[in-house]
Amino acid sequence: MKKIGLVLAFFMLFSVPTATAQCAMCRAVLETEDGGVKAEAVNNGIVYLMIFPYLLVGFALYFSYKIYKKKKSE
């Protein structure tokens, strides 16, 4: 049973087709510009939006660790 799972995981890992990172509208806007300023702004916006989920998970893990440590010391 482990061999089947390993083969399946290997197949799924290496059979993923390449994907484009932008929606059709973003791609159309970014391809028409020459300077690259809009492309950089879109990339910065994506990074900015990515920060918040990581911060939320980090705070949740930190507070759960504090509660766990407090209960363990009691």
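Student: Okay, I see Phe63. Is Phe63 buried, partly exposed or exposed?
Tutor: Buried means under 20% relative accessible area, exposed means over 50%, and partly exposed is in between (1.4 Å probe, protein chains only). Phe63 has a relative accessible area of 47%, so it counts as partly exposed.

Student: Before we go on, what kind of model is this?
Tutor: Residues are numbered from 1 along each chain as its sequence is written, and side-chain values use heavy atoms, with hydrogens and water left out. Local features need pLDDT of at least 70, side-chain atom pairs count only at pLDDT 80 or more, totals for chains, interfaces and linings use all residues, and the model is predicted.

Student: What is the mean pLDDT of the protein?
Tutor: pLDDT is the predictor's confidence in each residue, from 0 to 100. Where pLDDT is low, the predicted coordinates should not be read in detail. Here 76% of the residues reach 70 or more, and the mean is 79.

Student: Which element has the highest mean pLDDT?
Tutor: Helices (H or I, at least four residues) and strands (E, at least two) are DSSP runs, numbered from the N terminus. The protein has 3 helices and 0 strands. Helix 2 (residues 24-32) has the lowest mean pLDDT, 70, while the highest, 87, belongs to helix 3.

Student: Take Tyr48 and Phe52: what is the angle between the planes?
Tutor: Tyr48 and Phe52 are 4 residues apart in helix 3 (residues 37-73), so about one helical turn separates them. Tyr48 is exposed at 51% relative accessibility, and Phe52 is partly exposed at 41%. Their pair is edge-to-face, with 5.3 Å centre to centre and a plane angle of 90°.

Student: And what is the angle for Tyr62 and Phe63?
Tutor: Tyr62 is partly exposed, with a relative accessible area of 47%. The Tyr62 and Phe63 rings are 5.3 Å apart centre to centre, and their edge-to-face pair has a plane angle of 65°.

How values were computed: Phe/Tyr/Trp six-rings, centres within 6.5 Å; stacked < 30°, edge-to-face > 60°.
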